[in-house]
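Reader: Please show me the sequence and the structure, and then let me ask about them one point at a time.

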Amino acid sequence: MIKRELFNEEHEAFRDTVRRFVDKEIAPHHAEWEEDGVVPRSLWLKAGEAGMLCCTIPEEYGGLGLDYLFDVVVFEEMARSGYTGPGFLIHCDLVATYIKSFGSEEQKQQWLPSMVRGEAIGSLGMTEPHAGSDLKAIRTRAVRDGDDFVISGQKVFISNGQLCDVIVLATKTDSSAGAKGVTLFLVDTSLPGFRRGKNLQKLGMKGQDTSELFFDEVRVPASAMLGNEGEGFQLMMTKLPQERLAQAIRSATVCETVIDYTVAYTAERKAFNQTIADFQNTQFKLAELKTEAVVGRQFTDKCIQLFMRDELDSVDAAMAKMWLSNLHCKVVDECLQLFGGWGYMWEYPIARAYADARIVKIAGGSIEVMKHIIGRQLIADYRRNNA
């Protein structure tokens with residue numbers, strides 16, 4: 001198979017560290033965390049001590065100042081393990097990145113060191129009951145009152161919602177201005193008026209806390225604003241390619257992992273006096289899935305390279321997210337079929353992978369939104385080139 005060329009010896013040594021951490025600190029406890037619907041805060045502290053959180057944060061803010069590939073290693077190894085409880089990706093790739101990119105010096109000093117250590121857990125507060133992919137339609141209001149803003153509203157499907165200490169919160173500061181009325185705030189969850197709703201019961205990713213959040217006249221200082229007033233939608237758009245790339249990275253890794261343990265299972269499981277792998281249908285099916293997984297991996301790695309050169313645009317990211325999300329769901333479905341009845345049992349990793357997979361067509365922008373982004377650009381390019 002095509003050899004990956006992204007990583008150097010330091011990245012691979014770090015990968016070994018992450019794998020040992022997963023084996024020691026996560027694997028023995030994850031089934032219990034799935035029952036609880038949340039991982040303990042102590043795990044975050046251990047991950048911080050191991051250098052697994054916010055790898056790209058500069059040293060002056062408590063980080064190691066490493067390149068993006070160290071974050072990629074963490075995302076890949078968590079995806080490969082199949083343990084979806086720890087919400088490290090949201091914390092590192094989105095919340096810390098928003099603060100690093102758009103935060104004031106005061107905000108960076110306040111939050112980034114404790115996020116690197118795992119003492120403060122970050123969450124992204126965008127989705128609402130009436131606004132999912134359509135972020136312009138959010139209703140959470142932030143009204144200026146002297147030197148403060150008073151925030152009222154509700155968020156839903158928020159990862160790390162039960163644990164979070166800081167939220168990158170999308171609000172409307174001008175309800176008549178559409179996208180230009182959206183403003184981001186860093187909200188400290190210890191403030192009066194903030195309330196966590198129930199920990200939502202999901203189809204998959206059962207160990208990761210996902211919550212409703214309520215804001216009842218939460219008063220924050222104007223200094224908690226992330227960026228400038230009315231710039232929130234623009235800031236979110238600049239980070240969506242990174243979020244969608246992370247989704248593609250996870251899906252590419254899950255595809256490879258699921259195929260690997262399906263090959264191992266079918267090579268041992270017998271039916272009609274031969275192994276499942278001896279059947280031509282099994283070989284053909286696995287050959288198709290492996291080929292598509294290799295294609296997906298190469299495209300994903302190319303997108304990682306583009307991102308690291310600051311050249312990944314929204315359309316490329318949308319294509320990566322769309323292709324890998326669809327492939328992710330296809331692979332776990334068709335591989336589960338090769339496990340037969342055992343594939344439906346929760347004790348088998350393929351069952352967890354199947355349940356965890358379905359969200360990837362929704363999270364980070366639905367597949368339909370990705371198609372709209374790609375198709376709209378195709379038509380725009382044609383009209384511009386033929387004007």
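The questions below go from the whole chain to single residues and pairs.

Author: This is a predicted model, in which local features need pLDDT of at least 70 and side-chain atom pairs count only at pLDDT 80 or more, while totals for chains, interfaces and linings use all residues. Residues are numbered from 1 along each chain as its sequence is written, and side-chain values use heavy atoms, with hydrogens and water left out.

Reader: How many helices and strands are there in the protein chain?
Author: Helices (H or I, at least four residues) and strands (E, at least two) are DSSP runs, numbered from the N terminus. On that basis the protein chain has eleven helices and ten strands.

Reader: What is the radius of gyration of the protein chain, and what would a compact globule have?
Author: The radius is taken over C-alpha atoms, and the globule rule is 2.2 Å times the number of residues to the power 0.38. The C-alpha atoms fill a box of roughly 80 × 60 × 40 Å along the principal axes. For 387 residues the rule gives a value near 21 Å, and the chain agrees with it at 21 Å.

Reader: What percentage of the residues in the protein chain is buried?
Author: Buried means under 20% relative accessible area, exposed over 50%, and partly exposed in between (1.4 Å probe, protein chains only). Of the 387 residues in the protein chain, the buried share is 52%.

Reader: Among contacts between residues at least 6 apart in sequence, what percentage joins residues at least 24 apart?
Author: A contact means heavy atoms within 4.5 Å. Among the contacts in the protein chain that span at least 6 positions, the share joining residues at least 24 apart is 74%.

Reader: Is Tyr98 buried or exposed?
Author: Tyr98 lies in helix H5, residues 88-102. Leaving aside neighbours within four places in sequence, Tyr98 is in contact with several residues, including Leu124, Val168, Leu226 and Lys239. The C-alpha atoms of Tyr98 and Lys239 are 7.8 Å apart, although 141 residues separate the two along the chain. Because its relative accessibility is 3%, Tyr98 counts as buried.

Reader: What is the relative accessibility of Thr171?
Author: Thr171 sits in strand E4, residues 166-172. Not counting residues up to four places away in sequence, Thr171 touches, among others, Ile138, Thr140, Ile151, Val182 and Phe185. Thr171 counts as buried because its relative accessibility is 0%.

Reader: Which residue in E3 is the bridge partner of Arg144?
Author: Strands E2 (residues 141-145) and E3 (residues 148-159) run antiparallel and are joined by five bridges; two strands pair if DSSP finds at least two bridges between them. They form a hairpin with two residues between them, and Gly146 in the turn has a positive phi of about 65°. The partner of Arg144 in E3 is Phe149.

Reader: How far apart are N and O in the salt bridge of Arg41 and Asp165?
Author: A salt bridge is a side-chain nitrogen of Lys or Arg within 4 Å of a carboxyl oxygen of Asp or Glu, and the structure holds 23 of them. This pair links distant parts of the chain, with Arg41 in helix H3 (residues 41-49) and Asp165 in the loop between E3 and E4, 124 residues apart. Arg41 is partly exposed because its relative accessibility is 34%, whereas Asp165 at 19% counts as buried. The N to O distance in the pair is 2.7 Å.

Reader: Which residue forms a salt bridge with Arg384?
Author: Arg384 is exposed, with a relative accessible area of 55%. With the closest N and O atoms 2.7 Å apart, the partner of Arg384 is Asp381.

Reader: What is the relative accessible area of Tyr344?
Author: Tyr344 is in the loop between helix H9 (314-339) and helix H10 (349-357). Tyr344 counts as exposed because its relative accessible area is 69%.
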